[in-house]
Every structure is written in C-alpha cells, then in structure tokens.
Amino acid sequence: MSLFDIRRRDCLARAGIFSHDGLSVRTPGIIDVPAVFPEFDRETGTNVPLSGDAEFVSRYHHPAGGGAVVVHPLGREKVTSGDLVVVANWHTVLSRPRDFVRYLTSLKGRLPPDTAWFAPASALPSDASLLVYAGFDLFDTRAVDLETARGSFCLPEGVFREDLTGTGVCGCEGCASGDLGRHNRFALTHELALAGRFIAGSRLRDLVEARCRSGSPQVAIVRLLDREEALLEPYTPVARSVPLLATTSEALRRVEVMRFGRRVVERSPPPVHDVAVLLPCSARKPYSASLSHRRFAKAVRGRAHELIVTSPLGLVPRELERVYPAAHYDVPVTGHWDREEIALVASVIGGYLAGHPYRRVIAHLDGGAREAARAAAGACGIPLEQTAEGHPSDPSALAALDAALEGERRHPIDMVRWVLAWQFGAAADTRGMKVRGRPPQERVERDGRILFTIDAGTGLLRPTFEGWDLIPEGYRVWIDAFTPKGDILAPGVTSADRGILEGDEVLVLGNGLSATGRAAMGCTEMLRSRHGVAVRVRRIKTE
Ligand SMILES: [Zn+2]
C-alpha cells in the first residue's frame, strides 16, 4: 500500500512524504526504486519511447501495476491515488521543449493528482528544479552517475566537462575528498532539498527562472508551460502572501500576472466615475503608501477613477491595489519598457477601456506607461487627454491634473465592490458597508454586522455567513452527509464549483450544515484526489 501525503503545493510542484510498506521518502527527493518496489526490476516492456505511436504503445506497453506504474502519454494504465507513477525516458524530452509540454499535459490531465511522479535517469542539479516545477516528485542518481562516468562536474549552474573537485567551486564532502561521484550526487540532493524549501516558501518559480538560464531548452519549457493555460491555471493559487519577483521577461506571462489582467478586464464592475485618470505605478506597494501617490490623490481628490498603469500587470484599478499580486510584485525600475511589455500592458488597458467606457480618459503618465496607454487608446479609438508634460510627480504636472479635473464630481473609493467582483465575479450592493479596524484586523461591516474580514497578506475578502449571502453563486463545495470535525478532506467532497483555486474562499454545503473556509487545493484536485485536506474550515453552522 502506497500513500503520497502532499504537505505543500506550489502550482504543479509538491512537497510531501511518499510512503510504501513502512518506507517513507521526503519529496522532492531521491528514491531507490528497486529497494522500495523489488518487483519493479522484473517488469518487462517498461522502455517504450515517449514518441511511440498508438499502435506501438498498445503492442508493447503493458505495465503490471501494483504500486509503481510505468505510464506513457498514449497509455491506458490503471493508476490510483497514492501510486508511484513512473515516467520512463523523460530525459529524452529535456532537449525537446514542445514534446516535454505536450506529454506532460497529456499525462497530468489523465492521472490522479495525488500520485507521486518518478522520472528515472533524468535529474541533474541544473534541471532538477524545472522537473520539480513540472510536477515530478522523485528521482534517482542515474543521470548524475552517468555524468560522473564521463568525468563531468555537475552544478545547478550547469554541467562542466571537467572534474572541478579541488578547485574551490564547491565545498561539499565529495569535493573535499576529490570524489567526483560523491560531489555529483551531493549536488543533486542539495538542489532537490533547495527546491523543497522554495516550495515551502511558495516561490519555486523564482528558483526555476534563475536556474533555467543554463540552457535554452529549459527556458523554452518554462515559456511553453506558461502558454499551456489548461495545465497550469487550475493548479496556480489565487493568491500568495509572498512577493512575486518580476525580474525576467518570463514574468510577463506568468499565470498569476495573466490572470490578474484577465479578471480586471472581464470581472470589473461598471465604474461610478465617468472620468478615468491613468497613473504611473510606484516602487512602494500598495501604491497609495508612496509619496508620489499621496500627491496624485491630493490632485485628483476623488474626481476621477484612478487606474494605475504598470508592468507586468497592465492595469490596477485603485480599489484592487492590495490584491495579490498588485501589492506583491517586485520589478526592476529602469524607466525603459521593451516592446513586448508595452504590447502586453496595452492589451490589458485596451481590453478594460473597451468594456468600461468613460466620458474622459486622462493619461497622467510618462515613458513606457504613456506609450502603452497611447497604443491602447489608439486601438480602441478613445481620445486620450494628457496632463503630464514632464515627470508626473512634478508640481506643474500635478497642477495640470488638478486643473483638468475642475468641476468633475467626487465619488468615494469602493474597495469592497471591486474586490468582490475580482475575487468572486460577484456584483454586490455595497451601500452602507464600512471598513473598520487596521491591518491585520480589518473587517467590512454593515449595520454592526461583520460581512467580511480582509486578509492582510493577500488583500482578499474572507466572507462570514452573512457575507456569503451577498455572493449568490460560485465558490461552493458540496460534501457528503457527514458533520466535519475540522477541515474537509478530499474524499468527502462530492462536488465543487468550476474555477475554485487553491487559496480561494469557499462556502461548504452539506446535509443540514454549512461552513466557511479556504480551499487548500483547486477544484480539479478536490474532485480527483482521495487524500489530503480540500478545505481548511473556519466556521461551521448547523441548521
Ligand atoms: Zn562538491
């Protein structure tokens, strides 16, 4: 009997414990498969190439099953939760990015999520974090041992075709004793442990973006995976409370970045203002805490809807400035925007303005942000007024902005209405609601009743039962007829609304009870897993 206890998730990557017959292995890590599954070595027909066609696969690929199942993208293996999934020959697609992504999408789409994935003979220190990122959990030392036989020295930064023990580039025990093989194994173990730490910190992507630089196929795999929305979107959490490092061009197409822009375009409610002002971002987050934005607020005085133009997110309405990743991204500021950045940011601005018409749109911008706004307005045929001749924070520019808004009507900022729309796609009547308290104890009240608390880490709303009354549909999880004592486990979930992501607030509905809580996994995993916490419950109410 095998069990894969997933403790932490980071998109497709997981950190946990895989156990079988009393043996347990920490993941991501190294497993001695013949020791754990002695029958595995006697299995035949386990070496069908990944590129094999359907006829070849049906003729030669007949895995025996029983705890460790060799799978093939075109196979029809019986795999159950807790099994060790063995993807043979995966090293052959590390240099073929399109095949890597195609086969991975096919396999991840078909097999239960709570299976442990083993890629034999594939992991080197330089590609281990990418393999972990792609959802592999267990590895062996065959690939590094082969490099040892070739006399190559392996580091996360790449494979060196010479023995570098004794040169001071590494201080491991293998290097100290001049043992190349020991060094190479150590380098792999160390890199897998490091990947585990990045998963625990919800920042594996940062490690992968750094490591993938050692080879162009690795960069291509990261980029192609980002375009494979059906694969990554269901596994990418709605929010994190850690920074999003946007220091590479890959950051522009990260799932979280694309999702933020898409929701701004598709879910934003009709604005109350009929004048919009496009403002530059600030290094300090949330923007309103920065000196420049305090000056903008003084000039605008509620007379226009404030929309912040920023790379890589595109457009952040003032009301959403605390929502992940708007308050969390860290981008190097040089004042220069490249064409891809301008095009992506312009597409978000254009999409938003096309669906949210204003009587006037004022661009209080300079540099790349102004170029992006011009491109967007040009594409939608919207005339753009400009109030910043020099730097947008210059007193003359601020005075021009103030003067341009002369006589326009003031409206307050309705953060709750916008966050409800972004987070739940809900159009709620927020009249009479008041935000009280200070972070991390902020709450939204109406007539003395608490409707939501605000998560200081992510900027998202946590509805109380009264708050859920304002969100008529979506984000529901249905459970079997039992009264949960604490968290809801995946096997108890009978149904879940489409689109629920890890980190989403959900309303659990059961026989005569309801519960508020936070999804610990996405709906795909909830419905297809037999193990693990699906919802971390906050409150239970019986009727
Ligand atoms: Zn070493």
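Q: Which residues of helix 15 are buried?
A: Ala397, Leu398, Leu401 and Ala404 are buried in helix 15. They cover an arc of only 125 degrees around the axis, which puts them on the same side of the helix. The model is a predicted one. To call a residue buried, its relative accessible area must be under 20%, and to call it exposed, over 50%.

Q: Which exposed residues does the face of helix 15 turned away from its buried side carry?
A: That face carries Pro395, Ser396 and Ala403, which are exposed.

Q: Where do the buried residues of helix 12 fall when seen down its axis?
A: Helix 12 covers residues 291–300, and its buried residues are Ser292, His293, Phe296, Ala299 and Val300. Seen down the axis, these fall within an arc of 115 degrees, so they line one face of helix 12. The buried residues of helix 12 pack against strand 12 (275–280), strand 13 (305–310) and helix 15 (395–404).

Q: At what angle do helix 12 and helix 15 pack?
A: The angle between the two helices is about 30 degrees, and their axes are 8 Å apart. Helix 12 brings Arg295, Phe296, Ala299 and Val300 to the contact, while helix 15 brings Leu398, Leu401 and Asp402. By type, the residues of this contact are five nonpolar, no polar and two charged.

Q: Which residues coordinate the zinc ion?
A: The zinc ion is held by Cys170, Cys172 and Cys175 through their SG atoms and by His183 through ND1, at 2.0 to 2.4 Å. Along the chain, the donors have the spacing C-x1-C-x2-C-x7-H. His183 is buried, with a relative accessible area of 0%.

Q: Why is the arrangement around the zinc ion tetrahedral?
A: The ideal angle for four tetrahedral donors is 109.5 degrees. Around this zinc ion the four donor atoms subtend angles of 98 to 115 degrees, which makes the arrangement tetrahedral.

Q: Which residue with a positive phi follows helix 12?
A: Most residues other than glycine have a negative phi. Arg301 comes after helix 12, and its phi is positive, near 50 degrees.

Q: What is the phi of Asn89, and where does Asn89 lie?
A: Asn89 is not a glycine, yet its phi is positive, about 65 degrees. Asn89 sits in the loop between strand 6 (84–87) and helix 3 (97–110). Asn89 is buried, with a relative accessible area of 15%.

Q: What is the phi of Ser202, and where does Ser202 lie?
A: Ser202 has a positive phi, near 60 degrees, and is a residue other than glycine. Ser202 lies in the loop that runs between helix 7 (180–200) and helix 8 (204–211).

Q: Is the peptide bond from Thr27 to Pro28 cis or trans?
A: Most peptide bonds are trans. The bond from Thr27 to Pro28 is cis, with omega near -5 degrees. Pro28 is placed in the loop between strand 3 (23–27) and strand 4 (29–30).

Q: What kind of peptide bond joins Pro439 and Pro440?
A: Pro439 and Pro440 are joined by a cis peptide bond, with omega about 0 degrees. The loop between strand 18 (434–436) and strand 19 (443–446) contains Pro440.

How values were computed:
Residues are numbered from 1 along each chain as its sequence is written. This is a predicted model: local features need pLDDT of at least 70, side-chain atom pairs count only at pLDDT 80 or more; totals for chains, interfaces and linings use all residues. Side-chain values use heavy atoms; hydrogens and water are left out. Buried means under 20% relative accessible area, exposed over 50%, partly exposed in between (1.4 Å probe, protein chains only). Helices (H or I, at least four residues) and strands (E, at least two) are DSSP runs, numbered from the N terminus. The arc is that of the directions from the helix axis to the C-beta atoms. Contact means heavy atoms within 4.5 Å. Axes are lines fitted to C-alpha atoms, for helices over the stretch in contact, and angles run from 0 to 180 degrees between N-to-C directions. Ala, Val, Leu, Ile, Met, Phe, Trp, Tyr, Cys and Pro count as nonpolar, Asp, Glu, Lys and Arg as charged, and the others, Gly among them, as polar. Donors are N, O and S atoms within 2.8 Å of the metal (3.2 Å for Na, K and Ca); water is not among the atoms, so sites may look incomplete. Four donors count as tetrahedral if all angles lie between 85 and 135 degrees; four count as square planar and six as octahedral if opposite donors are over 155 degrees apart and all others between 65 and 115; anything else is irregular.
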